[in-house]
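Here is a short note to read alongside the structure. Please go through the points in order.

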Amino acid sequence: MDLLNTLVDKGLRRELPTREEALAVLATPDDELLDVVAAAGKVRREWFGRRVKLNYLVNLKSGLCPEDCSYCSQRLGSKAEILKYTWLKPDEASKAAAAGVAGGAKRVCLVASGRGPTDRDVDRVSQTIEAIKEQNEGVEVCACLGLLSDGQADRLRSAGADAYNHNLNTSEGTYGEITTTHTYADRVETVHQAQAAGLSACSGLIAGMGESDSDLVDVVFALRELDPDSVPVNFLIPFEGTPLAKEWNLTPQRCLRILAMVRFVCPDVEVRLAGGREVHLRSMQPLALHLVNSIFLGDYLTSEGQAGQADLDMIADAGFEVEGAGTTTLPGHRVDAGGGCGSHAGGCAPCGDGPETETVPAEATADRAARTDLVSVRRRGAGTDLAPNA
């Protein structure tokens, strides 16, 4: 296909595709899906070989969030039967992190529900970062604490944090339909604060919330302009008790096309397959490794993932290898440009106008059966007395 040859050439040159090209990837028929995966796989291998970086989540504080993000089981008013607990002590968090590192994780992601941290919270997380670093030599630590106030990113960096995660989640045009208690601009500003402090920026999206193809392209092009080092791609987990519980809009084929589009637009960044992969990709997960170079190991914040050993077996069986602690994740040109875990210098040209693609009508999704059997609330690991999944 001329389209795929063009996208591969652009990806190898780190050149931004057009909106029309990105939309065309999302519109490819299932008969051409393997061609799309193979093409995006060439770009993935050019910049990351066959390495897969493992990341491990530790939920420092679960539930009872005052924000109203419609996709989140921890949101204000959520009736989801999730674990709820206040801040883990530094030694508890460090113990949970050690399980992930022992399972092969190179990065530990420390997450806490809430609008954003108080200065006391930053002190508490700083102590946790120091405890993890003392016990796990060479491990990367990423913090995800919500909206940052002035100076907080610098304090986290001084405590030893390597990265900060704050996702854009969806397009600016539709953000207000998903969340009303903060704005899209608030999220962009927090990513800028992390970058200014020398932290490696991690920012991604959630697919499957009823957005259109155009919305997906908008948010991925916005991420390209923001230029994070890591782009996690989440697929909505429709928790019962949340406003989006009935949004079962994804198929494995759709997920693969989304991941391919992200890889073409962001060819040389760490594209991470994040929450919802077991629910929506299911048996097609190994194909996604040809598109992404990073996954989460084991469980997520409030839901359970597949067994950690199953993740490792999947990587090996698909012919990939776990990235070692001594290996630099990002290509040399990104590391040289910025320092830290990678480049956060300069963005790319903003995207132009393109054809609109409407949300898939409800009647067209009737065969996309809800797989509530695959949504399991986390009952082990952080905040419990049971061993974590790693």
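**Notes on the fold and its charged pairs**

1. **Make-up.** The protein chain has 14 helices and 10 strands. Both are DSSP runs, numbered from the N terminus: helices are H or I with at least four residues, strands are E with at least two. This is a predicted model, in which local features need pLDDT of at least 70, side-chain atom pairs count only at pLDDT 80 or more, and totals for chains, interfaces and linings use all residues. Residues are numbered from 1 along each chain as its sequence is written, and side-chain values use heavy atoms, with hydrogens and water left out.

2. **Overall shape.** Along the principal axes, the C-alpha atoms fill a box of roughly 55 × 45 × 40 Å.

3. **Burial and surface.** Of the 390 residues in the protein chain, 59% are buried. Buried means under 20% relative accessible area, exposed means over 50%, and partly exposed is in between (1.4 Å probe, protein chains only). The accessible surface of the chain is about 14900 Å², and carbon and sulfur atoms hold 49% of that surface. Areas come from the Shrake-Rupley method with a 1.4 Å probe; for residues, only the protein chains shown count as cover.

4. **Contacts along the chain.** Take the contacts between residues at least 6 apart in sequence: 78% of them join residues at least 24 apart. A contact means heavy atoms within 4.5 Å.

5. **Charges.** The protein chain carries 39 positive and 56 negative side chains. The centres of the two sets lie 4 Å apart. Lys and Arg count as positive, Asp and Glu as negative; His and the chain ends are not counted. Each charge is placed at NZ of Lys, CZ of Arg, CG of Asp or CD of Glu.

6. The structure holds 24 salt bridges, each a side-chain nitrogen of Lys or Arg within 4 Å of a carboxyl oxygen of Asp or Glu. One of them joins Glu67 and Arg115, with the closest N and O atoms 3.3 Å apart. Glu67 sits in the loop between strand S1 (51-61) and helix H4 (90-102), and Arg115 in the loop between strand S2 (107-112) and helix H5 (119-135), so the pair ties together parts 48 residues apart in sequence. Glu67 is buried, at 6% relative accessibility. Arg115 is partly exposed, at 38%.

7. **More on Arg115.** Residues up to four places away in sequence aside, Arg115 touches Cys65, Pro66, Glu67, Leu145, Gly146, Leu147, Thr181, His182 and Asp186. Leu281 is 166 residues from Arg115 in sequence, and their C-alpha atoms are 30 Å apart.

8. **Bridges between helices.** Arg155 and Asp123 form a salt bridge at 2.4 Å, N to O. The pair links helix H6 (residues 152-159), which holds Arg155, to helix H5, which holds Asp123, across 32 residues. Arg155 is partly exposed at 29%, and Asp123 is partly exposed at 39%. Which salt bridge partner does Asp213 have? Asp213 pairs with Arg254, the closest N and O atoms being 2.8 Å apart. Asp213 is in helix H9 (residues 213-226) and Arg254 in helix H10 (residues 252-265), 41 residues apart. Asp213 is buried at 8%, and Arg254 is buried at 10%. Salt bridges with shared partners also join Lys53, Arg107, Glu140, Glu270 and Arg272 into one network.

9. **Backbone points to check.** Most residues other than glycine have a negative phi. Arg14 has a positive phi of about 60 degrees, although it is not a glycine. Arg14 lies in the loop between helix H1 (2-12) and helix H2 (19-26) and is partly exposed at 39%. Arg282 also has a positive phi, of about 50 degrees. Arg282 is in the loop between helix H11 (277-280) and helix H12 (285-288), partly exposed at 29%.

10. **Pro90.** Pro90 lies in helix H4 and is partly exposed at 22%. Residues up to four places away in sequence aside, Pro90 touches Arg124, Gln127, Thr128 and Ala131.
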